[in-house]
Amino acid sequence: MKCGDRRFGHRYNRRLPMPNTPLHETLAARGAKFGEYSGAETAASFGDVSAEVGALRHGAGVYDLGWRAKLIGTGEDRVRWFNGMVTNNIKDLAQNQGAYTFLLNAQGQIQADMYVYNRGEHVLVDTDRSQADRVREIFEKYIIMDDVTIDDASEKLSAMGLQGPEAAAVMQHLGHDVSGIAPLEVVDTKLGEAGISIVRSDSPVPTLEIWASTQTLPTLWQSLVAAGAKPVGFEAYEIMRVVAGRPRYGVDIGDRDLPQETAQDRALNFRKGCYVGQEIVERIHSRGKVHRSLAGLVISGAAPARGAAVEAGGKQIGEVRSVTSFPVNGATRILAIASLRRDAIPAGATLQVGTSTATLSELPFRIE
């Protein structure tokens, strides 16, 4: 059997009821407007999205991460098995260190994205709730003779995010010096009587995650707000996600995309050995060329719809995947993440998106 030749043809289609996050009542008490984000109902905003973006850019914003799922992998074979399932190096992760990675099919197409952490006696998988059931089903299809068990811990363990240049100061106010935490490192500690884990994100924007039991999360939220963090909904979070150039699975990345087409080299390791889909990834790597890739667009004119064609010289070279209106200096900038044929763009070309023009930008966007 060839490397990665594990057969999996089922597509996950089952619809489940939309869950509320563990912070739902706490957010409602603060006047949140709710909506669906990545498989869960959570706060869309607290009434002033522009001010919430300002907190994430210049202060500290706290937001619900209950739309993330936590899967736990146990068993003697867990490290070896996970390393053979995903695109990044899990085998050599130090304890309490994580990695961003993709889950592929045998054709090298991305079936999910996730963060995988070595937590000592178990492996923790952090992914969107909208992906969690499919991820677990794919994992379980591949557990054959392996001593590996996958459990969903999302009803017991959840999280919140703390983002912005003052995030560290908020934690310092609560007695925690986070300056020495490395990207994707997990530090287990306490906030008051509650056990928590503090994780530094690998985002280009200063971001911390606080993991805790679902029962203690509301009290921790109140502590962060009292320490100076501003409540933020997913509309502001989504704006900053686009600005940071971080693709979202199901929006910017789909199940027909190949890893090198996402511009997320941080998800790949070319020295780790065999995993599902590796042959396709290695073939693209050896050729040193990919036909299309995600890139940023600065739009002049009306905001395009998701899926809008991007043209150069009257020929379609790609499509818009994410688009956002970013409030800055009293004005609004339209920014988009698009999948483009980069080799089809003449040097210095102005691109066309519907009735608007667009300028190519590297990611993350540079905002003055």
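How are α2 and α7 oriented to each other?

## Helix packing

In this predicted model, helix α2 (residues 49–58) packs against helix α7 (residues 234–243) at an angle of about 50 degrees, and their axes are 9 Å apart. Angles from 65 to 115 degrees count as roughly perpendicular and those under 35 as roughly parallel; α2 and α7 are therefore oblique to each other. The crossing of α2 past α7 is right-handed.

On the α2 side, the contact is made by V49, E52, V53, L56 and R57, which meet E235, A236, Y237, I239 and M240 of α7. By class, the residues of this contact are 7 nonpolar and 3 charged, with no polar ones.

## The largest cavity

The model has 2 cavities of 30 Å³ or more. The largest has a volume of about 510 Å³. Its lining consists of 34 residues, and W67, R68, Y115, Y237 and R246 lie nearest the centre.

Strands β6 (110–118), β7 (123–128), β11 (194–200) and β12 (207–213), together with helix α7, each supply at least two residues of this lining. β6 gives the most, with 4 residues. The lining of the largest cavity divides into 16 nonpolar, 7 polar and 11 charged residues.

## The second largest cavity

The second largest cavity has a volume of about 40 Å³. T42, A43, Y63, D64, W67, V232, G233, F234 and Y237 form its lining. Two or more of these residues come from each of β2 (40–45), β3 (61–64) and α7. In the lining of the second largest cavity, 6 residues are nonpolar, 2 are polar and 1 is charged.

Notes
Residues are numbered from 1 along each chain as its sequence is written. This is a predicted model: local features need pLDDT of at least 70, side-chain atom pairs count only at pLDDT 80 or more; totals for chains, interfaces and linings use all residues. Side-chain values use heavy atoms; hydrogens and water are left out. Axes are lines fitted to C-alpha atoms, for helices over the stretch in contact, and angles run from 0 to 180 degrees between N-to-C directions. Angles under 35 degrees count as roughly parallel, over 145 as roughly antiparallel, 65 to 115 as roughly perpendicular and the rest as oblique. A crossing is left-handed if the near helix is turned anticlockwise from the far one by less than a right angle, and right-handed if clockwise. Contact means heavy atoms within 4.5 Å. Ala, Val, Leu, Ile, Met, Phe, Trp, Tyr, Cys and Pro count as nonpolar, Asp, Glu, Lys and Arg as charged, and the others, Gly among them, as polar. On a 1 Å grid over the protein atoms alone, a cavity is a set of points where a 1.4 Å probe fits but cannot get out, and a pocket is an open set with protein on both sides within 12 Å along at least five of seven lines; lining residues have an atom within 4 Å of a point. Grid points are joined across faces, edges and corners, and a volume is the space filled by probe spheres set on the points.
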